Amino acid sequence: MSETAERRYDVVIIGSGAGGGTVAQELAPLVRDGRRVVVLEKGPRLGDLEFTGEELEMAAALYADAGGFLTADGTMTLAFASAYGGSTVVYTGTSLTAPERVIRRWSVPGLDHADIVTRSEKFAAQNGVHLLEDSLINDNNRLFVEGGRKAGFRVEQFPVNVRGCRGSSLCNLGCPNQAKQGTNRVQLPRAEREGVEVVTRADVVRIGADGSLLVRVAARPPGAKGGPAEWPPGEYRVRARIVVCAAGAIGTPALLLRSALPAHLPRLGQAFTCHPALILVGEHPRDITNDVGHPKSYFVDRAAEDGFVLETCMYFPFVTAKSLTGFGASHSATMRAFPRLQMILLLACDRAVPGNRVAVDRAGRPVVHYRFTPETLEALARGTRAAARICFAAGARRVHVPADPPLIEAAEADRLDARVAARHFLPGRVSISAAHLMGGCGMGRSAADSVTDVWGRVHGLPWLRVADASLFPDSLEINPYLTIMALADRVAEGIRAEVREPVNA
Amino acid sequence: MQRVFRAVVTTVVPEAAQFDAAGWTDFERIVERALADRPASLRRGLKLFLRLIDWIAVARYARRFSALDAARRSRLLASMERAPLLLVRRGLWGLRTLAFMGYYGRPAAAREIGYRADPRGWDVRR
């Protein structure tokens with residue numbers, strides 16, 4: 001196709017994750033009334049049998065930069081998916097509702113915690129969110145509960161959105177059994193059944209001043225996973241009455257920054273937060289079930305008191321190796337103890353600070369500038385000590401953490417305060433990663449303090465909406481997907497009220 | 001640069017010293033595939049960093065990095081891991097990440113360390 005083809009819709013949704021998938025479903029009734037709605041997803045649509053659980057293969061197929069997207073100074077890896085269903089394909093399905101104190105702290109006029117709760121409950125019910133039955137809990141999770149309680153922490157069980165979980169433990173590589181109820185399993189298929197179009201491998205290059213989108217649809221690379229794009233490969237000009245950006249907290253700000261938008265948006269890209277995370281392991285004297293069973297069933301929430309959250313987790317050989325501090329014989333010995341490893345994910349509840357932002361390079365590609373504040377490093381140190389205490393209380397004989405040296409024996413358990421300090425968390429030495437990417441198009445009062453209003457309307461551009469985690473004006477301090485869905489539901493509600501007359505195809 | 005890269009790899013993952021030619025081929029295929037999609041500037045940066053490691057080895061021990069014994073190699077890389085300059089720490093982090101990817105990204109390594117995750121989950125473990 002040599003010429004730019006034109007397509008016309010009432011609503012274009014960019015991205016198909018927790019935000020875009022939700023908006024697609026919630027706008028599907030408009031299609032019955034003759035409106036045209038399309039979802040443009042940059043990533044591929046994988047078939048059920050293509051989820052093999054092979055680490056490098058699935059990471060390359062599902063994650064941006066194969067999971068190795070780095071911040072500008074190279075000190076943190078940001079994980080986000082690019083696929084039909086977005087990052088809901090690769091999360092663990094943990095489904096928590098936003099804490100009231102966080103929504104209050106956000107201080108967004110018109111954003112009521114009760115409203116978030118009601119909408120979150122709607123999607124929790126839709127996605128089959130429940131507590132996993134005891135018979136499906138593995139040793140890695142049981143040890144966290146046991147150790148956490150012995151160490152004096154309040155351990156809570158994660159509600160998860162799985163149906164028929166077989167316990168592959170491979171959630172972060174895309175469930176091979178289609179048990180996880182991401183937007184790829186629930187909202188998008190429902191929207192498509194009602195007539196919403198979904199076009200995969202469709203990259204929105206930019207949004208023009210007139211609201212039209214320049215879209216490049218890619219051919220399926222030879223040997224790649226996923227089906228071909230629904231449109232013939234080539235360049236498209238897509239026009240719509242309303243454009244909804246739901247490309248995630250990196251994709252959406254980057255798209256808006258490289259677009260010629262006729263609005264002054266000084267806060268665009270600002271206030272990026274991400275819950276910087278560390279993987280910590282404890283070695284037990286006996287084999288435990290860790291690489292079978294749902295990996296993330298319990299957590300300890302110390303966000304309000306200590307600025308961190310601990311969650312059970314289980315990762316794959318390369319990610320585990322990369323995440324452990326150091327190298328050489330002691331690192332290898334820890335890896336060779338894999339069947340005996342208890343694994344904990346530590347998330348620091350970072351805050352929006354000046355300078356931590358999404359920008360674009362000269363080619364329009366996203367660049368994330370992020371510096372660890374002393375408060376974040378202190379939270380990582382506190383959380384590491386707490387995780388080590390839990391492992392030791394559960395019976396671990398040693399832990400591997402970002403200390404110097406990284407191995408701490410049980411005999412040193414009473415010296416954790418001295419052995420683990422913020423100074424050990426030297427950026428560039430310690431493997432820090434993040435998957436809860438938030439901010440960049442925060443909600444607020446006006447362009448002076450935010451990018452959108454409380455309904456996701458971009459200030460000064462009422463035809464342009466945002467419906468993803470970039471709306472968060474600050475860190476959420478819990479796993480964000482239900483809150484993204486709740487906010488996207490509000491955005492869709494606002495659009496439904498406005499879109500009345502169909503346009504000509 | 002292959003010699004210094006392999007010396008770094010066997011320092012980061014000592015088990016890699018047991019690789020035969022086929023083992024190195026598997027390892028390097030994984031690394032090359034990962035780098036193929038990365039910007040040319042990153043690949044250039046890694047080559048420069050390997051040179052830097054060699055220069056430091058010569059400056060400190062009057063020998064190329066690949067000619068050092070295991071203990072000296074480890075000490076040199078450990079000092080770079082704690083270097084005051086972020087650029088140096090970041091460079092080493094990148095190299096160790098590639099080493100871990102090439103080594104632990106192989107199905108054989110997963111088996112060796114006892115990693116047994118299976119899409120069939122509990123059905124094959126009970």
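Helices here are DSSP runs of H or I with at least four residues, strands are runs of E with at least two, and both are numbered from the N terminus. After helix 1 of chain A comes A:Gly34, with a positive phi near 95°.

How enclosed is helix 1 of chain A by the rest of the structure? Largely, because 13 of its 15 residues are buried. Buried stands for under 20% relative accessible area, exposed for over 50%, and partly exposed for anything in between (1.4 Å probe, protein chains only).

## Ground rules

A quick note on what you're looking at: this is a predicted model, where local features need pLDDT of at least 70 and side-chain atom pairs count only at pLDDT 80 or more, while totals for chains, interfaces and linings use all residues. Residues are numbered from 1 along each chain as its sequence is written, chains are lettered from A and ligands numbered from 1 in the order in which they are written, and side-chain values use heavy atoms, with hydrogens and water left out.

Strand 14 of chain A (residues 308-312) is mostly covered, with 5 of its 5 residues buried. A:Phe308, A:Leu310 and A:Thr312 point one way, A:Val309 and A:Glu311 point the other way, and all are buried.

Strand 14 of chain A has partners in strand 13 and strand 15. Strands count as paired if DSSP finds at least two bridges between them. Strand 13 (residues 298-302) runs antiparallel to strand 14 and is joined to it by 4 bridges, and A:Asp301 sits opposite A:Val309. The pairing with strand 15 (residues 341-348) is also antiparallel, over 5 bridges; there, A:Phe308 has A:Ala348 as its bridge partner.

Strand 16 (residues 357-360) and strand 17 (residues 366-369) of chain A run antiparallel and share 4 bridges. The hairpin has 5 residues between the strands, and one of them, A:Gly364, takes a positive phi near 85°.

## Enclosed spaces

Rolling a probe the size of a water molecule over the atoms shows where empty space is left. The search runs on a 1 Å grid over the protein atoms alone: a cavity is a set of points where a 1.4 Å probe fits but cannot get out, a pocket is an open set with protein on both sides within 12 Å along at least five of seven lines, and lining residues have an atom within 4 Å of a point. Grid points are joined across faces, edges and corners, and a volume is the space filled by probe spheres set on the points. Across the whole structure there are 2 cavities of 30 Å³ or more.

The largest cavity holds about 80 Å³. Of its 13 lining residues, A:Cys165, A:Ser168, A:Cys171, A:Cys175 and A:Ala179 lie nearest the centre. The second largest cavity has a volume of about 50 Å³, and strands 13 and 14 of chain A each give at least two residues to its lining. That lining includes A:Asp301, A:Val309 and A:Glu311, along with A:Leu96 and A:His275.

## A pocket in chain B

The second largest pocket comes in at about 330 Å³. It has 13 lining residues, with B:Phe5, B:Val31, B:Leu35, B:Lys47 and B:Leu50 nearest its centre. Helix 1 (2-12), helix 2 (21-36), helix 3 (40-61) and helix 5 (86-104) of chain B are the elements that each give two or more residues to the lining.

B:Tyr61 also belongs to helix 3 of chain B. With a relative accessibility of 17%, B:Tyr61 counts as buried.

How many disulfides does the structure hold over all chains? The count is 0, where a disulfide is a pair of cysteine sulfur atoms within 2.5 Å. A:Cys391 is in no disulfide either, and its nearest cysteine sulfur, that of A:Cys313, is 9.9 Å away.

Both are covered too: A:Cys274 is buried at 0% relative accessibility, and A:Cys391 is buried with a relative accessible area of 2%.
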